[in-house]
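Try each task before reading the solution under it.

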Amino acid sequence: MNPVTLIAQKERSALLQNQRGLVWLLAYAGILSAFALLLISNRELSLLDNAQVVYMMAGTVTAAGALIAVIMGADAYAGERERGTLVPLLTAPVSTGELLMGKALGLVSAWGIMYLLAFPYLWSVGAGGQNLGQAIFYLGLFGTPVVLGFGYLAMALSARSGSVMSSLLTSLIVLLFSASPLLVGPGLRNSTIGKTLDAVNPFSGALNTFDAVIIDSDPFTGQLARLFLVLIWLGLMFAFARISARRPVFR
Amino acid sequence: MKTTKLLLVTILLLSSGLATAASIQLQVQPESANPSHPTMGDWMHFNSVISNTGSKPIEGLVAWISLVEVTPGKEQPMDLEDWSAHKAVTGTTLKPGEALKTQWPMRLIQSGDYRIVISATDRNNSTVFTSPTLQFHVSQKPVVESTRILPVAIGIPLLIAGLLGVRKYRGHHKTS
């Protein structure tokens, strides 16, 4: 079997068959469940329109997915190093490029599982409302580059630093900063600084698109600039991971 | 003689009462920007004018809003918790001829037929003055349904926890 496929399968199975992976998946489902339960336990939130709730759930799925991707990415090289399995991997007949591709594809598969797991949550809060199909489509289109970009960022830092803790913390700080629009509503971001950050922040790009297509039913053509932004983010982070993975810290 | 004294005392008491009695007039109108067909979750605003039509100042004025449900079969006074954070105006002084304009915002929490009324009294008066009532209907809105959310929000983590338990159990049996 192709070494890239082999590594990708191992990485994907880590999420479904490994105890540690299942705990991550449980944490992901726990975040989505907590948010869904909050919606029905809080009177103010329970009065929100279905489309508004689906938008919020799509944002939460993206944030939770990025969080798990960051954990997996931070573990990709530094975790192997700390478990003493990185040197055998690097001495195996697999190039560093193939190793990275395997790990990158493993992350794609893991996000695929999380994306599928988000469907019942989106349905539960949004069935009977408007644009549920749009929400699922745009979560795939915009959520995927954002989530994978954060995973590759953590992977790059993991290969560079050789420490899970260090790469995880740095990636989490970047993620928290980028995901701040989830907490700060569009009205409060309507300043020069807010608009500038929105223009360069891929997380804001995805959130603004969710807002536009789910709540306002805007057409796809209006989302092209934001799609470009999230794809640039994905490309840059993958390039960063590729450069960093050429010479991972293994001592 | 006794009858004359009694009459005098009664007149004195009445006149002192009239001297201190405040004359408050209340009017309430819905805000023109209110939704014409309000539904659950909408905001409505009511504008009240409380006027001192008497000749003495009103001190320590207290005005408050009340909400009553009049849906057939469900008639009841409503607790304004969740509906409004602005429930009263207190401690205001109104000179003769002065008026106090207040806006009362309200978030519509439940569907049904409702009436609001503004009431007012002051520190020196035992009378409670009330405005005419305003009635409105709140329509039902499709919102988040707990019957759909609960099975998903509880079922999926339980399923993953079950998978985790099976994996742990198998791992334990393999090693032993």
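**Exercise 1.** Find what share of the contacts in chain B with a separation of 6 or more comes from residues 24 or more positions apart, then do the corresponding count for chain A.

*Solution.* Start with the term: two residues are in contact if their C-beta atoms, placed from the backbone, lie within 7 Å. In chain B, the share is 70%. In chain A, 82% of the contacts between residues at least 6 apart in sequence join residues at least 24 apart.

A word on the source: this is a predicted model, in which local features need pLDDT of at least 70 and side-chain atom pairs count only at pLDDT 80 or more, while totals for chains, interfaces and linings use all residues. Residues are numbered from 1 along each chain as its sequence is written, and chains are lettered from A and ligands numbered from 1 in the order in which they are written.

**Exercise 2.** Write down the secondary structure of each chain, in order.

*Solution.* Helices (H or I, at least four residues) and strands (E, at least two) are DSSP runs, numbered from the N terminus. Chain B has 2 helices and 9 strands, and its elements run α-β-β-β-β-β-β-β-β-β-α. Chain A has 12 helices and 0 strands.

**Exercise 3.** Decide why Asn2(A) and Ser217(A) are classed as they are, buried or exposed.

*Solution.* A residue is buried if 20 or more other C-beta atoms lie within 10 Å of its own, exposed if 12 or fewer, and partly exposed in between, with C-beta atoms placed from the backbone. Asn2(A) is exposed because it has 10 such neighbours. Its place is in the segment before helix 1 (3–16) of chain A. Ser217(A), in the loop between helix 11 (202–215) and helix 12 (224–246) of chain A, has 11 neighbours and is therefore exposed. The phi of Ser217(A) is positive, near 55°, in a residue other than glycine.

**Exercise 4.** Locate the largest nonpolar core and describe the side of chain B that touches chain A.

*Solution.* A nonpolar core is a set of buried Ala, Val, Leu, Ile, Met, Phe, Trp, Tyr and Cys residues joined through C-beta atoms within 7 Å. The largest has 88 residues, and those touching the most other members include Val54(A) and Met57(A). Helix 4 (residues 50–76) of chain A gives the most to this core, 19 residues.

For the interface, 20 residues of chain B are in contact with 26 residues of chain A. On the chain B side they divide into 14 nonpolar, 2 polar and 4 charged. Here Ala, Val, Leu, Ile, Met, Phe, Trp, Tyr, Cys and Pro count as nonpolar, Asp, Glu, Lys and Arg as charged, and the others, Gly among them, as polar.
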